[in-house]
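Colleague: Hey, I'm new to this one. Could you walk me through it bit by bit?

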Number of protein chains: 2
Amino acid sequence: MTTDSALLSRRRSHSPIAYSASPLDRADAVRGDPARLAAVMAGEGARLLRLDGLAPVFSDTGGLVWVPLSDMPGGPQGAELIFLGLDAQGHGHFAPVVADLAGSTAPAAADLRRLLDAMPAADLAIYGGARSLVDWHARHRFCARCGSATRLAKGGWQRSCVNEACGADHFPSVDPVTIMLVEHDGCLLLGRQPRFPAGRYSALAGFVEPGETMEEAVAREVFEEAGVRVRDVRYVASQPWPYPSSLMIACHALADDRAIAIDANELEDAQWFTRAQVAAALAGASDALFEVPPPSAVARHLLEWWMEQAVSV
Amino acid sequence: MTTDSALLSRRRSHSPIAYSASPLDRADAVRGDPARLAAVMAGEGARLLRLDGLAPVFSDTGGLVWVPLSDMPGGPQGAELIFLGLDAQGHGHFAPVVADLAGSTAPAAADLRRLLDAMPAADLAIYGGARSLVDWHARHRFCARCGSATRLAKGGWQRSCVNEACGADHFPSVDPVTIMLVEHDGCLLLGRQPRFPAGRYSALAGFVEPGETMEEAVAREVFEEAGVRVRDVRYVASQPWPYPSSLMIACHALADDRAIAIDANELEDAQWFTRAQVAAALAGASDALFEVPPPSAVARHLLEWWMEQAVSV
């Protein structure tokens with residue numbers, strides 16, 4: 001039986017989903033074992049990711065920059081370090097906890113995005129995971145339960161309250177977000193948010209809330225944002241998205257009619273596009289009616305997946 | 001084309017996934033509109049969920065108990081209330097924020113679980129969403145960014161830092177968790193955690209971490225816990241699980257061999273079971289080799305889904 005995932009996997013062997021497929025082994029057992037973690041830190045090849053605020057420092061070839069952990073000013077002892085994992089040679093890779101994100105001299109958002117889109121896939125995957133963790137540490141220096149300070153634990157995969165009477169442990173969060181192509185009679189519903197670049201349309205999206213399945217979240221979001229009722233929600237693919245830490249859950253759903261009623265707080269516009277119009281936009285045709293999301297967005301993969309379906313699904 | 005989701009939906013029309021399919025309309029637009037929210041609160045049918053700590057108070061028929069919001073001691077004004085949604089008559093449903101969870105006289109865990117498993121499905125879905133939110137509020141009375149107090153906002157779907165210099169907003173979290181059936185040549189890999197009731201085996205499971213897809217999380221968890229490499233991960237179903245607030249992402253994956261190496265920190269045992277052995281366990285046969293998870297667990301649905309596959313997938 002050929003499943004959607006199998007189809008997607010074959011295509012992904014040519015074009016992996018951005019921010020996925022990190023080459024590092026997370027080596028979960030090292031995190032919770034202080035002796036093993038210390039040995040990895042003291043290892044010859046242990047290295048530290050160079051960051052500028054939350055942005056990477058880019059090498060001459062557009063990749064990440066690593067410095068020996070032993071060159072760290074003041075040394076790694078006592079510093080708050082995040083253990084990202086081991087490479088194939090067993091070398092530990094670490095990221096620094098950045099207490100103050102205000103001093104960054106990183107490129108402006110649009111330039112940064114362009115540089116990241118050109119980064120080698122393996123480096124982008126490592127950076128994405130690191131960025132989510134560094135950002136999480138910066139936003140969780142205090143205990144949400146009691147207000148006391150927290151300290152890094154388990155190689156950066158936990159923060160623990162320093163107040164012994166509380167002692168709460170906190171873990172890096174991942175927020176599930178549904179993002180969906182809605183189809184009716186061979187056409188797709190796409191929308192644009194006010195913050196999008198001019199001409200851009202993309203898949204609708206929204207956070208999964210407590211108390212609902214991902215299928216229920218898809219239906220709720222499409223109805224809230226565009227007034228369209230959907231059914232037959234199918235999972236297609238997922239992506240870690242480090243802004244700040246989402247799990248994008250890409251889906252496809254069917255609608256019974258095309259009446260649109262947008263929520264102006266969420267969307268500036270929503271329209272149905274034909275297969276030919278989507279194809280023209282993906283090809284970057286001069287007469288395309290809209291601009292598709294960049295290759296790093298899972299919405300772009302959804303559009304490409306949809307075009308590859310032999311018949312309307 | 002008949003998809004797995006379509007198959008599952010048909011089956012689910014008989015046996016919905018526990019904690020899903022809440023009959024309440026979340027009415028997102030009401031949350032952020034103080035005037036509309038006040039009108040819903042003042043409405044004739046507005047009601048408050050009775051809780052005992054995080055447990056529900058059970059009615060004589062085993063369902064939830066609601067009291068008129070206007071009967072609330074001190075009145076609803078000024079109280080921290082969570083807006084759960086509107087019923088078909090437009091009546092507002094609310095849950096109280098419980099500052100101190102210590103005073104509960106609720107039944108012990110095993111008894112509580114039995115009562116919840118017998119609760120009408122619609123009440124269980126409402127309770128699950130409410131419980132996740134009430135628990136989140138109790139654990140987020142302070143700002144993780146600056147340590148100041150937080151106050152409830154947007155009908156309980158947000159807490160905001162009272163420190164104007166910080167002003168961080170915090171949102172109820174949902175933690176994505178993968179839970180998976182691993183198959184090899186018609187047999188399933190199931191494991192038992194030390195905390196399980198005697199004889200219970202279930203699907204392996206683990207949190208999705210920052211920087212990985214759900215497929216990567218499935219493969220990582222199975223290898224970490226059982227030493228088994230998997231491929232061809234397929235999504236099957238999802239479930240909101242309110243202990244405290246997970247999105248269970250139920251998957252199926254294939255293994256190439258049966259060598260098991262368990263992580264004793266995670267599992268007490270893991271074994272391969274034949275289709276006949278799984279069938280006997282699901283039927284509760286007296287000679288069954290193990291006990292399956294209860295109907296409220298998505299792992300039970302995964303096992304039933306697997307048995308319904310006409311041929312080995």
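This is a predicted model: local features need pLDDT of at least 70, side-chain atom pairs count only at pLDDT 80 or more; totals for chains, interfaces and linings use all residues.

Colleague: OK, next sheet. What's the strand order in the four-stranded one of chain A?

Modeller: The order is 4-1-6-5, an open sheet again, but here the pairing is mixed. Strand 4 (66-68) and strand 5 (81-86) of chain A stand at the edges with a single partner strand each, so one side of each has no neighbour in the sheet. On average, neighbouring strands of this sheet are turned by 35 degrees against each other, direction ignored.

Colleague: How do strand 5 and strand 6 of chain A pair, parallel or antiparallel?

Modeller: Antiparallel, over five bridges, with strand 6 of chain A spanning residues 92-96. A:Phe83 has A:Phe94 in strand 6 of chain A as its bridge partner. Helix 5 of chain A turns up here too: the helix packs on this sheet and touches strand 1 (47-49), strand 4, strand 5 and strand 6 of chain A. Its direction makes about 155 degrees with that of strand 5 of chain A.

Colleague: Let me ask about single residues. Where is A:Leu64 found?

Modeller: In the loop between strand 3 (55-56) and strand 4 of chain A.

Colleague: Is A:Leu64 buried or exposed?

Modeller: Buried, because its relative accessible area is 8% and the cut-off for buried is under 20%. Leaving aside neighbours within four places in sequence, A:Leu64 is in contact with A:Leu49, A:Pro56, A:Val57, A:Ser59, A:Met119, A:Asp123, A:Ile126 and A:Tyr127.

Colleague: How far apart are A:Leu64 and A:Val162?

Modeller: They are 98 residues apart in sequence and 34 Å apart in space, C-alpha to C-alpha.

Colleague: And A:Thr178, what does that one touch?

Modeller: A:Thr178 is in strand 10 of chain A, residues 175-184, and is buried with a relative accessible area of 0%. Not counting residues up to four places away in sequence, A:Thr178 touches A:Leu204, A:Ala205, A:Gly206, A:Val208, A:Met214, A:Ala217, A:Val218, A:Glu221 and A:Ile249.

Colleague: How many residues of helix 8 of chain A are buried?

Modeller: Eight of its 11 residues, so helix 8 (residues 298-308) of chain A is mostly covered. Among them are A:Trp305 and A:Trp306, along with A:Arg300 and A:His301.

Colleague: Switching to chain B. At what angle do helix 7 and helix 8 of chain B pack?

Modeller: About 130 degrees, with the axes 11 Å apart; helix 7 of chain B is residues 275-282 and helix 8 of chain B is residues 298-308. That makes helix 7 of chain B oblique to helix 8 of chain B. Their crossing is left-handed.

Colleague: Which residues make the contact?

Modeller: From helix 7 of chain B, B:Arg275, B:Val278, B:Ala279 and B:Leu282; from helix 8 of chain B, B:Arg300, B:Leu303, B:Glu304, B:Trp306 and B:Met307. By class, this contact has six nonpolar, no polar and three charged residues.

Colleague: Last one: what about strand 11 of chain B?

Modeller: Strand 11 (residues 187-192) of chain B is mostly covered, with six of its six residues buried. B:Cys187, B:Leu189 and B:Gly191 point one way, while B:Leu188, B:Leu190 and B:Arg192 point the other way.

Colleague: Which strands does strand 11 of chain B pair with?

Modeller: Three bridges join strand 11 of chain B to strand 10 (residues 175-184) of chain B, running antiparallel. B:Val182 has B:Leu189 as its bridge partner there. In that hairpin, which has two residues between the strands, B:Asp185 takes a positive phi near 50 degrees. Strand 11 of chain B also pairs with strand 15 (residues 269-273) of chain B, in the antiparallel sense over five bridges.

Note on methods:
Residues are numbered from 1 along each chain as its sequence is written. Chains are lettered from A and ligands numbered from 1 in the order in which they are written. Side-chain values use heavy atoms; hydrogens and water are left out. Buried means under 20% relative accessible area, exposed over 50%, partly exposed in between (1.4 Å probe, protein chains only). Contact means heavy atoms within 4.5 Å. Axes are lines fitted to C-alpha atoms, for helices over the stretch in contact, and angles run from 0 to 180 degrees between N-to-C directions. Angles under 35 degrees count as roughly parallel, over 145 as roughly antiparallel, 65 to 115 as roughly perpendicular and the rest as oblique. A crossing is left-handed if the near helix is turned anticlockwise from the far one by less than a right angle, and right-handed if clockwise. Ala, Val, Leu, Ile, Met, Phe, Trp, Tyr, Cys and Pro count as nonpolar, Asp, Glu, Lys and Arg as charged, and the others, Gly among them, as polar. Two strands pair if DSSP finds at least two bridges between them.
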